Amino acid sequence: MKYYSTNKNTFPVSLNEAVIKGLASDKGLFMPEKIKKFDPSFFKTIDKLSFQEIAFEVAKKIFGDDVEESKLEEIVYDTLSFDCPVELVKENIWSLELFHGPTLAFKDVGARFMARLLKFFLGENQKQVNVLVATSGDTGSAVANGFLGVDGIHVYVLYPKGKVSAIQESQFTTLEKNITALEIDGVFDDCQHLVKTAFLDKELNEKMALTSANSINVARFLPQAFYYFNAYARLKEKGALNGKYLVVSVPSGNFGNLTAGLFAREMGLPVEQFIAANNANDIVFEYLETGNYNPRSSVETLANAMDVGDPSNFARILDLYGNSHSTISEIIKGYWYSDEEIREIVKRVYDQTGYLCDPHGACGFQALKEFLSEHQTGVFLETAHPAKFTETVESIVGKGNVPLPEKLAEFMKGEKQSISLGKGFEGFKDFLLKR
Ligand SMILES: *Cc1c(COP(=O)(O)O)cnc(C)c1O
């Protein structure tokens with residue numbers, strides 16, 4: 001299958017090229033030319049399949065033309081070495097827990113899949129590929145752990161000195177092997193600037209193969225469709241859907257996760273309504289309400305993985321629905337919450353149900369609660385484990401009430417290894433060329 005650019009100023013490319021390049025040469029985002037639908041009968045018995053079996057069926061529809069079946073099966077099963085279960089939080093409201101992977105956030109699914117697909121495409125071509133990733137916290141850990149130990153690929157994680165939490169830092173500075181953490185004396189934007197400049201530097205690109213692993217890559221965002229199908233299957237299995245319509249609420253920042261849900265719906269998944277739950281960065285909320293899209297600088301919030309002022313995947317949503325505001329605002333409803341409200345939601349849900357939401361999931365829960373009618377069943381995506389945001393969550397529900405999962409405790413035991421660099425490009429370039 002070919003992948004075209006949302007800007008439509010360049011020729012469509014193969015999946016191989018789309019994965020290695022990340023962004024189209026006209027700076028647009030890649031989209032698959034066709035979306036293959038499931039026969040409705042598939043959903044009648046989907047609850048008999050495991051998460052991995054469902055994911056393999058979905059992967060065949062999306063990547064089946066480009067990756068041979070046995071290889072695709074291996075990639076899917078290797079990626080999904082953990083579960084994405086649904087838990088009942090209160091009547092009619094379920095949490096799709098996406099935090100059971102190695103770094104306890106949903107990005108594990110896309111990052112692990114992309115690492116394996118990239119390795120497959122590099123194949124016998126022995127040349128080493130270098131992945132550059134700038135992070136404000138969560139992306140770096142998912143990408144570093146997703147690529148950990150994958151032959152032929154070296155990952156450089158650039159992060160701002162003193163600006164990420166101790167837990168986050170431990171998840172990409174203690175890994176060794178093919179992961180190098182670079183502590184940049186600057187802010188996140190400086191890290192991102194270094195990465196972008198590197199991709200444009202002629203000499204660097206002649207001497208080494210560079211690629212990016214951010215969420216615009218089709219190999220990172222499309223696999224996220226897997227767990228939407230699984231949510232439907234597990235809810236059906238638990239008898240939660242009987243004659244009711246499904247509503248899915250997605251805490252959103254760059255909108256990659258929600259876009260994957262829309263693809264699942266286009267593939268036939270019976271979702272009646274999507275909800276985009278935002279924090280104070282309400283750009284898409286405003287678009288849904290008014291039809292005006294006004295990107296602006298992001299503001300800092302408690303749900304910081306959603307602090308995005310110009311969501312990159314929004315271009316994909318516009319493209320998917322032919323720029324139709326009326327269609328988009330029908331399929332997606334928007335809600336947004338201030339920091340004060342996020343605190344209040346985490347506290348209330350915890351007090352009333354015993355379920356501990358992280359600040360992002362809390363937005364998803366509340367939007368669902370406000371929208372849902374009695375004819376519907378709702379599921380919100382719990383995008384990260386609350387312990388990834390221990391300081392914030394403990395300040396709301398009290399010290400000692402946020403259990404530290406074994407996996408996070410293990411990271412904290414490792415020895416931090418990182419290389420300090422200034423924010424100037426020449427220093428960064430010299431460093432890469434000397435490797
Ligand atoms: C990345 C992230 C989000 C936002 O996801 P998008 O796909 O960028 O919309 C939400 N919650 C958490 C915990 C994240 O890490």
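A salt bridge here is a side-chain nitrogen of Lys or Arg within 4 Å of a carboxyl oxygen of Asp or Glu. I keep that cut-off for the whole notebook.

**Ground rules.** I'm working on a predicted model, where local features need pLDDT of at least 70 and side-chain atom pairs count only at pLDDT 80 or more, while totals for chains, interfaces and linings use all residues. Residues are numbered from 1 along each chain as its sequence is written, and side-chain values use heavy atoms, with hydrogens and water left out.

**Arg-296 and its partners.** I started with Arg-296, whose side chain meets that of Glu-286 in a salt bridge at 3.5 Å, N to O. Arg-296 sits in the loop between α13 and α14 and Glu-286 in helix α13, so the pair ties together parts ten residues apart in sequence. (Helices are DSSP runs of H or I with at least four residues, strands are E runs of at least two, and both are numbered from the N terminus.) Arg-296 also makes a salt bridge with Asp-282, at 2.8 Å from N to O. Asp-282 is in the loop between β10 (273-278) and α13 (283-290), so this pair links parts 14 residues apart in sequence.

Next I looked up accessibility: buried means under 20% relative accessible area, exposed over 50%, and partly exposed in between, with a 1.4 Å probe and protein chains only. Arg-296 comes out partly exposed at 36%, and Glu-286 is partly exposed at 23%. Asp-282, at 16%, counts as buried.

**Other salt bridges.** I searched the whole structure and got 23 salt bridges. Asp-201, Glu-203, Lys-207 and Lys-429 are linked in a network of them. I also noted Glu-74 with Lys-71, closest N and O atoms 3.1 Å apart. Both residues lie in helix α4, three residues apart, about one turn of the helix. Glu-74 is partly exposed at 47%, and Lys-71 is partly exposed at 23%.

**α4 against α5.** Since I was in α4 anyway, I checked its packing. Two packed helices are described by the angle between their axes and the distance between the axes. For α4 (residues 69-79) and α5 (residues 107-122), I get about 145° and 9 Å. The axes are lines fitted to C-alpha atoms over the stretch in contact, and angles run from 0 to 180 degrees between N-to-C directions. The contact (heavy atoms within 4.5 Å) brings Lys-71, Leu-72, Ile-75, Val-76, Asp-78 and Thr-79 of α4 up against Val-109, Arg-112, Phe-113, Arg-116, Leu-117 and Phe-120 of α5. By class that is seven nonpolar, one polar and four charged residues. My classes: Ala, Val, Leu, Ile, Met, Phe, Trp, Tyr, Cys and Pro are nonpolar, Asp, Glu, Lys and Arg charged, and the others, Gly among them, polar.

How many residues of β12 (residues 376-382) are buried? Seven of its seven. Gln-376, Gly-378, Phe-380 and Glu-382 point one way, Thr-377, Val-379 and Leu-381 the other. β12 pairs in the parallel sense with β4 (residues 93-97) over five bridges, and likewise over five bridges with β9 (residues 245-251); pairing takes at least two DSSP bridges. Trp-94 has Val-379 as its bridge partner, and Leu-246 stands opposite Thr-377.

**α6.** Gly-149 follows α6, with a positive phi near 75°.
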